[in-house]
Amino acid sequence: MLRLALLACLTTTFVVAHAPFSVIFQWKTISYNWPPEYSEKDARYHYIPENNPIAGIKLWKDNMYLTIPRWKSGVPVTLARTPSTPVKDERGLNITKPKLDAYPSWDMQLPGDCNAFQSVQSMEIDPQGRMWVLDTGRTETMGEHPTAKCPPRLVILDLDNGGAVLKEFKFPDDVARHNSSYLNDIVLDHQNGGYAYISDSGLEPAIIVYSLKDDKARKVTHETMKAQPDAVRFVVAGTNVIQSVNVDGIALSPPGPNRTLYYSPLSSFNLYSIPVEVLQNSSIIDVQNYVVDLGNKISQSDGMVMSNTGVLYYGLLADDAIAMWNTSTSQPFATGRRTISRDHLLTQWPDTFGFDEKARLWCVVNSLQNFLNNKVDVTQYNYRIISSNAMQRSYQYLPNNTAPELPVITAAAGQIRIAMSTVFTILLVFLAC
């Protein structure tokens, strides 16, 4: 098992170390388990290997769920699943480049069918095994024939019931423009009836606030959600990247009073925050007085994630590195941020993060600089899943590792009621890397 370089991170008074990241899976190209009724040559599911980069990752029980956005043509599956532990082949060796299964079905992957997923970049799984999926509704946004046939929507699946659809919400055009929005990332807030906060990195960058209780959404805009001109150019592994990407990665502080949403455009060096009570208050239109500039990162970053102890993890794209900041301490971001892992080969473009139920942190590394420049070399490893024994859980859990009160979604009626879910203690199983 490959281990990535670990940095012992110095503060003014003590040394902080982090468990190393190990490569669990790696692929040269992504391939799929095709059912008998379909094949790689099926015109409905056109397949071009180099156009299938992994972007998102989340974990539930023994499975790993991955997204493959339809940024270009030839992407047959946009939401997939595979076991999170490598299975063994007939020789007893670990299979570290498994074929992916379409999730929840192949019918839910059909391009041009607005009842199926058109392009999924991000999703989140709550402590009851419900996956909240963002479908941008747009395909080939980086290709020759961009298409916006379907509206952007939020779809909630029941993972413990074969991926049955529990709820669907189509965003109105005044919240997410059907021909120009781009639903990028999502975090879940189970307090006050349930909310989802979504970054829209499209032409009108915004944080979209969806209320589960009210089944309504609004968008919050601010200048800090726009790409910064001085950050649109950077270099990853010797490859120039020129991308003007608006608000991208977002993270939410753990349950409790005074929760905070953190965000950053990909094309930015700054990290920002805003109180969630401001996002939830529809009477507040101008959020200028509530946005906080927390300071500069040393590089642009893509995805980010918060743990249940208040540790923020994020990538450093131009440094092939992963960094952290413990928001629960008194140290401000400028002096509290630390690089915890760097590998100029194995962590080219750390994209999305996720925690599993064993307190491990996972990350997708996808060398996206090559994809953006049409330079994907299918003879080399392009996509990796790395993991670290972080000994923390997702931000959705309380610091004592119990699940908070969760909204209950009734599939038949499509309505919501608030009930106290079974509050149970999750015993952390600390596994050595």
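Is Cys363 buried or exposed? I looked it up first: Cys363 is buried, at a relative accessible area of 0%. For my own reference, buried means under 20% relative accessible area, exposed over 50%, and partly exposed in between, with a 1.4 Å probe and protein chains only.

**Ground rules.** I'm working on a predicted model, where local features need pLDDT of at least 70, side-chain atom pairs count only at pLDDT 80 or more, and totals for chains, interfaces and linings use all residues. Residues are numbered from 1 along each chain as its sequence is written, and side-chain values use heavy atoms, with hydrogens and water left out.

**Disulfide.** I found one disulfide in the structure, taking the term as a pair of cysteine sulfur atoms within 2.5 Å. Cys114 and Cys150 make it, with their sulfurs 2.0 Å apart. The link is left-handed, at -90 degrees about the S-S bond. It ties together distant parts of the chain, 36 residues apart: Cys114 sits in the loop between strand S7 (101-102) and strand S8 (120-125), Cys150 in the loop between strand S9 (130-135) and strand S10 (153-158). Strands here are DSSP runs of E, at least two residues, numbered from the N terminus.

**Cores.** The largest has 52 residues, and Trp132, Phe171, Tyr197 and Leu261 have the most contacts inside it. Another core, of 38 residues, lies apart from it and includes Leu100, Val245, Leu317 and Val364.

**Ser387.** This one is in strand S28 (residues 383-388). Ser387 is buried, with a relative accessible area of 0%. Its side chain makes a polar contact of 2.9 Å with that of Arg360 (N or O atoms within 3.5 Å, one able to donate a hydrogen and the other to accept it; residues adjacent in sequence count only if both atoms are side-chain atoms). Leaving out residues up to four places away in sequence, Ser387 touches Pro20, Phe21, Ser22, Ile24, Arg360, Leu361 and Trp362, where contact means heavy atoms within 4.5 Å.

**Sheet.** I ended on an open, antiparallel sheet of four strands, ordered S18-S19-S20-S21. Pairing needs at least two DSSP bridges between two strands. Strand S18 (247-252) and strand S21 (292-296) are the edges, each pairing on one side only. Inside the sheet, four bridges join S19 (residues 260-265) to S20 (residues 270-275). I noted one bridge partner too: Tyr263 has Tyr272 in S20.

Notes: Core = buried A, V, L, I, M, F, W, Y, C linked by side-chain atoms within 4.5 Å.
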